[in-house]
Amino acid sequence: MRALVEWWGERPLTQLAIFAIVGLGFALLGSNLVHNMARVGLTPGFGFLGHAANFEIGEGLIAYSAGDSYLRAIAVGLLNTVRVSLAGCILATILGVALGIARLSSNPLLSRLVQAYVEIVRNTPLLLQIFFWNTLFHALPGPRQALSPLPGVLLSNRGFFFPFIADDGATPAIPASSLLLAVLLGVALKWRARRTGRSNLKRSVVLVLVAALLPVAVAAFFGAAPALDLPRLSGFNIRGGISLSPEFMALLIALVVNTSASIAETVRAGILSVSAGQWEAGRALGLSYGRIMRLIVLPQALRLIIPVMTSSYLSLTKNSSLAVAIGFPDLVNILNTTANTTGQALEAILVMMLAYLALSLAVSTAMNAYNRRWALRERSAA
């Protein structure tokens with residue numbers, strides 16, 4: 001190998017000739033592509049993005065109609081992909097950490113159940129899991145026989161319906177201000193804990209909850225409290241509240257279940273990497289199992305867990321493209337429809353590649369920034 005590298009480095013003319021041949025090959029392919037597209041009446045470029053899409057999209061975070069442009073349709077698909085990926089990463093992390101800790105439980109029944117869960121999920125194709133959940137949710141009863149596991153919650157083959165704040169044009173500012181106030185107070189408490197080196201988790205949680213409820217209490221005092229919009233049967237469908245389609249729920253749960261199994265193994269390996277002496281030191285201080293795990297073991301294990309979890313988050317984001325198999329209008333689904341209706345298949349694929357590249361880089365950047373916070377730092381010699 002070393003001899004090959006030296007031979008390559010000593011022959012610049014050979015390098016130039018190879019690069020020229022590769023460039024000529026790409027030029028011929030490009031010329032042939034442009035010629036074939038012109039023969040069928042297609043113009044290369046992205047001008048089609050401004051044309052009317054003329055197809056409907058079942059669900060999305062922003063308003064859309066068939067007369068809107070392809071660019072807006074792609075934006076709807078991209079937001080759907082971001083929505084399911086972000087929710088999936090959060091839920092998979094919560095479930096995966098819980099399973100990883102349970103896997104190390106001294107209770108043999110719990111440990112074996114988690115092991116069986118991990119083995120079954122990790123050795124089953126994700127696409128098969130998506131089909132399973134999609135079939136299960138579409139097998140639910142119709143709206144008139146909808147299940148109601150909790151008051152105000154309805155489950156049917158038309159979707160999952162939950163209570164939500166009534167949108168009357170005035171009350172949305174109240175929950176927005178509650179969320180903003182709670183976030184600001186949480187950041188302030190965290191900054192104070194860093195400055196003083198002292199923190200009280202229970203007291204901080206109580207203060208954040210009070211801050212979140214304060215705008216609602218003030219609005220109620222002046223008679224402007226937001227009302228809940230409860231889902232209810234209207235005709236042959238369910239109206240009101242907020243709804244999640246069966247396709248979205250099937251995709252989300254399949255991604256969460258599949259990724260949580262990998263995260264559970266990552267968490268288990270990270271916890272096992274912490275020396276047994278750390279556990280013994282915690283017990284010597286009289287700490288409970290939960291406090292040892294939360295205050296001593298997990299902070300050290302995170303230095304090994306976080307880099308591997310970045311790969312899990314990237315896989316979840318890219319695996320969300322399998323939504324096309326069950327008809328969920330994600331980015332891949334919308335771009336496939338765009339390519340079929342416009343004939344601009346190459347441009348649609350390029351947009352898809354750039355979109356997923358941007359999502360992957362965003363996830364990697366965020367996780368690398370978080371990882372730098374937990375990375376081990378060498379102390380300079382005194």
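This is a predicted model: local features need pLDDT of at least 70, side-chain atom pairs count only at pLDDT 80 or more; totals for chains, interfaces and linings use all residues.

Student: Which residues of α3 and α11 meet?

Tutor: On the α3 side they are Y70, A73, I74, G77, L78 and T81; on the α11 side, L331, I334, L335, T338, T341 and T342. Sorted by class, this contact of α3 with α11 has seven nonpolar residues, five polar ones and no charged ones.

Student: May we look at one residue of that contact in detail?

Tutor: Let us take L331, which lies in helix α11. Its relative accessible area is 1%, and a residue under 20% is called buried, so L331 is buried.

Student: What is L331 in contact with, leaving aside its neighbours within four places in sequence?

Tutor: Its contacts are I74, G77, L78, T81, A355 and Y356. Consider L78 in particular: L331 and L78 are 253 residues apart in sequence, yet their C-alpha atoms are 4.9 Å apart in space. For the protein chain as a whole, take the contacts between residues at least 6 apart in sequence: 66% of them join residues at least 24 apart.

Student: How should I read the sides of a single helix?

Tutor: The general idea is this: an α-helix has 3.6 residues a turn, so residues three or four places apart point the same way. Now consider α4, which has 15 residues and reaches 21 Å from its first C-alpha to its last, close to the 21 Å expected at 1.5 Å a residue. Its buried residues are S111, V114, V118 and V121. They cover an arc of only 105 degrees around the axis, which puts them on the same side of α4.

Student: Which exposed residues does the face of α4 turned away from its buried side carry?

Tutor: That face carries P108, L109, R112, L113 and I120. The buried residues of α4, by contrast, are covered by elements that include α3, α5 and α8.

Student: Which residues of α5 are buried?

Tutor: In α5 (residues 126–138), which has 13 residues, the buried ones are L126, Q129, I130, N134 and F137. Their arc around the axis is only 130 degrees, which puts them on the same side of α5. Among the elements covering them are α4, β1 (154–156), β2 (159–162), α8 (246–272) and α10 (289–319).

Student: Helix α8 is named among the covering elements of α5. Is its residue N258 buried or exposed?

Tutor: N258, in helix α8, is buried, with a relative accessible area of 16%. Not counting residues up to four places away in sequence, N258 touches V121, T124, L126 and Q129.

Student: What of E265?

Tutor: E265 also lies in helix α8 and, at 17% relative accessibility, counts as buried. Apart from its neighbours within four places in sequence, E265 is in contact with R103, V118 and R122.

Student: How many helices and strands does the protein chain have?

Tutor: The secondary structure comes to twelve helices and seven strands. Of the 382 residues in the protein chain, 33% are buried.

Conventions:
Residues are numbered from 1 along each chain as its sequence is written. Side-chain values use heavy atoms; hydrogens and water are left out. Contact means heavy atoms within 4.5 Å. Helices (H or I, at least four residues) and strands (E, at least two) are DSSP runs, numbered from the N terminus. Ala, Val, Leu, Ile, Met, Phe, Trp, Tyr, Cys and Pro count as nonpolar, Asp, Glu, Lys and Arg as charged, and the others, Gly among them, as polar. The expected span of a helix is 1.5 Å times one less than its number of residues. Buried means under 20% relative accessible area, exposed over 50%, partly exposed in between (1.4 Å probe, protein chains only). The arc is that of the directions from the helix axis to the C-beta atoms.
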